[in-house]
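This report describes the domains, contacts, sheet and selected residues of the structure shown below. The sections may be read alongside the coordinates.

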Amino acid sequence: MPRLIKDNQVIDNEWQVIPADFDAELPTGKLIVPLARWLDNSDNTNLAPWLGSEDEVEKVAEQLVQAPLIAINFPTFMDGRGFSSARLLRERYGYRGELRAIGNVIQDQLFYLKRCGFDAYDLREGTDLEAAIASLNDFSVSYQAATDTAEPLFRKRD
Amino acid sequence: MYQYDAIDQQLVDQRVAQFRDQTRRYLNGEITDQEFLPLRLQNGLYIQRLAPMLRIAVPYGLLSSRQVRKLAHITRTYDKGYAHVTTRQNIQLNWPSLEEVPDILAELAEVQMHSIQTSGNCIRNVTSDQFAGIAPDEIEDPRPWCEIIRQWSTFHPEFAFLPRKFKIAVSGSQQDRAAIQVHDIGLQIVKNAEGETGFQVYVGGGLGRTPIIGSVIREFLPWQHLLTYLEAILRVYNRYGRRDNKFKARIKILVKAWTPEAFAAKVEEEWQHFKDTPTTLTHEEVERTRSFFTQPPYRELDDAAAEQTLASHKAEHLAFARWLERNVTAHKQPGYAAITLSLKPTGVPPGDVTAAQLEAIADLADKYSFGEIRTTHHQNVVLADVEKARLFEFWQEAKPLGFATPNVGTLTDMICCPGGDYCSLANAKSIPVAEAIQRRFDDLDYLYDLGDMTLNISGCMNACGHHHVGNIGILGVDKKGEEFYQIQLGGSSERDSALGAVLGPSFKQEEVPDVIEKILTLFGEKREGDESFNDTFSRIGLEPFKERIYAKAH
């Protein structure tokens, strides 16, 4: 079974991602499907949505926060829109379930992803996941408030 | 200047460790070229035509003599013994090796320096006025605000992969010496009727392929809200800025497409969610930051007596008088002046400085100016707090070091990008053009008659040499594999910001000095009194210049 990083550990990945252009019948098991497909079947607990870079979370936030898992797709690791989507889901809409980064996500983004509210990371194939975990903690302190800390450093300095 | 505490230091140290590991993994083949690209860029490392280039951050242009000595040491140990001052007040090394960059960063961290976010699609080094804190026309010192923005933008987790690079400049004076209207965000410090500090917010200015002057989206942003408002602008840009075309990805394109009003409305809507969150600035934090930018221990000096001494030296030494006129700037503290060390002597690439010169600058700063040094976006160096009574002594010392070329603010004090000699983006060389112009116009009396004049040269349309906003702008273009130069007139990056108008068809490199000479001759003929070039230009327009240049030449 494929593996991913979740909460500082490497675990089995039980969810299969269904791409946007998939038009055959869905396989069985736990599936992460494109947002539109999930919206039509949001009561099926074996399905979870993935958001594209252009999906605006505020338009479907009420339904989304009920999902068992939300994945945010990074079409390339240079496309940073997913960082904003994640913060919106966590901070504005109070989503508490698993938030998973999928697509082209690299080890060196883990620290920023974590700060924006992700807790699961499906890194590109070939990554040494056990070694990559260290990058979640590249920095032990941050200047800004984000999902992981509501107060910026300046409110906490001596 | 700002001093790191244990936390600031820890962050730059951890950055060095992070990049050391990334470089190791890259050299081991564990990271692809494509993945390594943004990682090295966000540490200021480019791969250039001949070698890597490392851009070191100089936050809002402020350096200590200790830092400058470290830079000298680094250029000797890891490079070819010289460095380059950029148009964003940073320092570039042209010949480091990739393998040694982690060691360079570790050396920088020892003196509270880094190269964080000096490149890449992220929030870049914040720039400001080189005369901050000493300018007589200052409303408020912009440096504490720059430092607050520096910290907020450093490793901001949401904004490290923006559509494109993002540049912020802050001006705290009447005259804009920070070119805020040609930045992604320009902040002008203003006071309201109650005397409270706020910011006039410009957005969407920029040069490059699509030069645009920024638009004001908020006339008065109270200081408490600075960071939450910036956060709202950046979020709107991160989500809606174009990512399909690199040349249309800057915020200016989004602002233009939506209109500044619609953009402002979207920012306002986003800001309602950020406003009054804990990121709202506190008095304590602003005061803590301000405490690093207090006045140096000035002496009580007799300004009139100092002026008298200067007058007698001036009478005896014409060269000193010239230097005083061009390279010395008024100071708000009686008896003090600011000195601009010209990095534009003829025959040296504009902004280049050798290791020995860096050390000399550090020595001069210690001896005359409280050990502090500033870089300028005009690619010069400023010592901001020199006693007027010591200016003659200073000048005698600076002259043999090559810093006393009395050309600051004149035609030959040009802004110039590294161009085709170094840069892999360039269409044409810049440095030889600058040198040819400096050689042609070496008559100081003539330069002084012309008065304040900006001549900016870029080797390609990315406009690192700010050619759009030079009174005279020169742009290198490629015509069927040959290097040509297009000329623009009437640009400015100050309060009266304007983009230059293209004169007409481009010229060969060897024709450029002649063309500049014709432009200046016509200016001399049409000028009324002491009019500036741009005043004459806006009065008579482009046509007379076109006629003069193209009638005979073609």
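B:Gln379 is located in the loop between β13 (372–375) and β14 (381–387) of chain B. Helices (H or I, at least four residues) and strands (E, at least two) are DSSP runs, numbered from the N terminus. The model is a predicted one, in which local features need pLDDT of at least 70 and side-chain atom pairs count only at pLDDT 80 or more, while totals for chains, interfaces and linings use all residues. Residues are numbered from 1 along each chain as its sequence is written, and chains are lettered from A and ligands numbered from 1 in the order in which they are written.

Most residues other than glycine have a negative phi. B:Gln379, although not a glycine, has a positive phi of about 65°. Is B:Gln379 buried or exposed? B:Gln379 is buried, because 26 other C-beta atoms lie within 10 Å. The cut-offs are 20 or more other C-beta atoms within 10 Å for buried, 12 or fewer for exposed, and partly exposed in between, with C-beta atoms placed from the backbone.

B:Asp276 also has a positive phi, near 65°, and is a residue other than glycine. The loop that holds B:Asp276 runs between α8 (260–274) and α9 (283–290) of chain B. B:Asp276 counts as exposed because it has 11 C-beta neighbours inside 10 Å.

## Domains of chain B

Chain B is divided into domain 1 (6–110), domain 2 (143–292), domain 3 (303–401) and domain 4 (415–553); such bounds come from an automatic or database domain assignment. Between domain 1 and domain 3 of chain B, the C-alpha centres are 29 Å apart. Each of these two domains of chain B gives 21 residues to the contact, where two residues are in contact if their C-beta atoms, placed from the backbone, lie within 7 Å.

On the side of domain 1 of chain B that touches domain 3 of chain B, at least two residues each come from β3 (62–64), α3 (65–78) and β4 (82–85) of chain B. The largest share, seven residues, is that of α3(B). This side of domain 1 of chain B has nine nonpolar, nine polar and three charged residues. Here Ala, Val, Leu, Ile, Met, Phe, Trp, Tyr, Cys and Pro count as nonpolar, Asp, Glu, Lys and Arg as charged, and the others, Gly among them, as polar.

## An antiparallel sheet

Five strands of chain B form an open sheet in the order β1-β2-β5-β4-β12, with antiparallel pairing; two strands pair if DSSP finds at least two bridges between them. The edge strands, β1 (45–47) and β12 (352–354) of chain B, each pair on one side only.

Strand β2 (residues 52–56) of chain B runs antiparallel to strand β5 (residues 91–93) of chain B, and three bridges join them. Opposite B:Arg55 stands B:Gln92 in β5(B).

## Helix α2 of chain B

Helix α2 (residues 33–41) of chain B contains B:Gln34. B:Gln34 is exposed, because 12 other C-beta atoms lie within 10 Å. The C-alpha atoms of B:Gln34 and B:Ala384 are separated by 43 Å, and these residues are 350 residues apart along the chain.

## Contact between the chains

How many residues does the contact take from chain A and from chain B? Chain A contributes 29 residues and chain B contributes 29 residues. On the side of chain A that touches chain B, α3 (81–92) and α4 (110–115) of chain A each supply at least two residues. The largest share of that side, five residues, comes from α3(A). The residues of the side of chain A that touches chain B comprise 15 nonpolar, five polar and nine charged.
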